[in-house]
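Trainee: I have a model open and want to learn how to read it. Can we go through it feature by feature?

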Amino acid sequence: MIYLQLLWSFLQIGLFSIGGGYAAMPLIQAQVVDHYGWLSMNEFIDLITIAEMTPGPIAVNSATFVGIRIAGFSGAVVATLGCIAPSLIIVSLLSYIYTKYRNLSTLQSVLGSLRPAVVALIASAGLSILLEVVFDGQAMVLDSVQWVGLCLFGAAFFILRRFKWNPILVMSLCGAAGLVLGLS
Amino acid sequence: MEQPPSRAKLLTKLFFSMLYISAFTFGGGFVIITFMKQKFVDELHWIDEQEMLDMTALAQSSPGAIAVNAAILVGWRVAGFAGMVVAVLGCIIPPMVTLSAISLCYAAFATNRYVALTLKGMQAGVAAVILDVVCSLGANVLKMKSAVHLAIMVAAFVATFFFDVNVIYIILAAGLIGVVLAMYHKRKGGLAK
């Protein structure tokens with residue numbers, strides 16, 4: 001049963017995440033956190049952080065991480081299969097159509113309309129992560145603001161926008177700063 | 001085009017090339033496609049440059065992870081079905097091994113005070129990284145100066161963030177608008193001729 005749920009859940013993630021990488025994030029959150037409650041919001045953000053720091057697509061990383069925690073190694077295999085199955089079928093088909101017709105214009109028009117929606121979805125997922133960092137899952141009032149997190153976010157965002165530092169470096173520095181500030 | 005000596009050798013080479021690229025590529029689909037181009041176009045001459053560009057467009061516009069999609073396309077192109085299988089395996093084994101190892105340690109890790117503090121700090125960083133990406137992507141959408149695209153972006157954001165509308169419906173709706181637009185432009189183009 002749990003295997004079927006994992007498979008079905010990650011099938012949907014694989015099927016509806018178009019545009020790669022961050023596009024999978026809102027879908028993973030919807031399935032894994034909101035729908036099934038396999039991970040808490042905090043664990044989900046840890047997962048995204050880990051996925052950013054390690055090689056490989058976020059969707060495959062998440063499938064392995066969630067699968068193994070829910071149903072061991074076979075769970076990881078099932079979830080990963082689920083998340084790549086739509087690609088295997090659709091991309092193989094497209095590859096065939098492409099070699100036959102070599103025409104991508106309708107596909108690109110559909111993609112053109114999907115892109116703004118995907119950007120909005122990523123923005124929403126990003127904001128919910130920020131709210132979790134700033135309010136730590138508590139009520140959104142001034143008293144519960146986590147100032148360390150808020151300041152680290154502000155500094156990191158500024159450095160990324162202004163100086164275009166490597167994201168992995170920025171995240172590592174935030175981690176180090178969080179450790180030092182948290183201990184003092 | 002170089003003809004490698006035997007099929008077994010070709011598949012082995014494809015598998016290990018993909019494994020290597022996947023294991024050492026940090027940072028998303030586009031980065032891995034660049035490495036694939038270096039390997040398969042510039043170094044091994046298995047695929048020509050134009051084809052690789054089309055494959056990139058296909059990999060991006062199809063559902064799923066860009067890296068996996070690109071591996072499927074390259075695999076089919078180089079060695080048919082068997083090629084596709086070994087390329088995909090090469091692509092997903094490194095992240096599966098890494099994340100298995102991490103998730104086994106995670107429970108012990110996350111309860112450790114030092115690790116928890118570090119992760120908390122990194123969460124602030126990851127929020128910044130994602131919103132930085134959003135700003136760049138959003139700016140690209142604005143640059144297109146298309147009212148429809150702008151409306152889709154605003155509507156999708158309001159729907160998901162404030163009204164909790166299912167992500168899948170939002171994507172289906174946007175895709176449908178794309179199909180309608182494509183048909184509309186085709187018809188207009190047809191009449192103009």
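Trainee: How many salt bridges are there between chain A and chain B?

Mentor: Keep in mind that this is a predicted model. The count between chain A and chain B is 2. One pair to look at is A:R161 with B:D132, a salt bridge whose closest N and O atoms lie 2.8 Å apart.

Trainee: What is the area buried between chain A and chain B?

Mentor: The general idea comes first. Interface size is often given as the accessible area lost when the parts come together. Here, chain A and chain B bury about 7,700 Å² between them. Carbon and sulfur atoms give 77% of that area. In chain A, the residues that lose the most area to chain B are A:F16, A:P55 and A:L121. Together they make up 8% of what that side buries.

Trainee: How many residues are in contact?

Mentor: In chain A, 89 residues contact 76 residues of chain B.

Trainee: Now the helices. At what angle do the axes of helix 3 and helix 7 of chain A cross?

Mentor: Two packed helices are described by the angle and the distance between their axes. In chain A, helix 3 spans residues 41-53 and helix 7 spans residues 167-183. Their axes come within 10 Å and cross at roughly 130°. Helix 3 of chain A is therefore oblique to helix 7 of chain A. The crossing of these two helices is left-handed.

Trainee: Which residues make the contact?

Mentor: Helix 3 of chain A contributes A:T49, A:E52 and A:M53. Helix 7 of chain A contributes A:I168, A:M171 and A:S172. By class, this contact has 3 nonpolar, 2 polar and 1 charged residues.

Terms used:
Residues are numbered from 1 along each chain as its sequence is written. Chains are lettered from A and ligands numbered from 1 in the order in which they are written. This is a predicted model: local features need pLDDT of at least 70, side-chain atom pairs count only at pLDDT 80 or more; totals for chains, interfaces and linings use all residues. Side-chain values use heavy atoms; hydrogens and water are left out. Axes are lines fitted to C-alpha atoms, for helices over the stretch in contact, and angles run from 0 to 180 degrees between N-to-C directions. Helices (H or I, at least four residues) and strands (E, at least two) are DSSP runs, numbered from the N terminus. Angles under 35 degrees count as roughly parallel, over 145 as roughly antiparallel, 65 to 115 as roughly perpendicular and the rest as oblique. A crossing is left-handed if the near helix is turned anticlockwise from the far one by less than a right angle, and right-handed if clockwise. Contact means heavy atoms within 4.5 Å. Ala, Val, Leu, Ile, Met, Phe, Trp, Tyr, Cys and Pro count as nonpolar, Asp, Glu, Lys and Arg as charged, and the others, Gly among them, as polar. Buried area is the accessible area (1.4 Å probe) that two parts lose on being put together, summed over both. A salt bridge is a side-chain nitrogen of Lys or Arg within 4 Å of a carboxyl oxygen of Asp or Glu.
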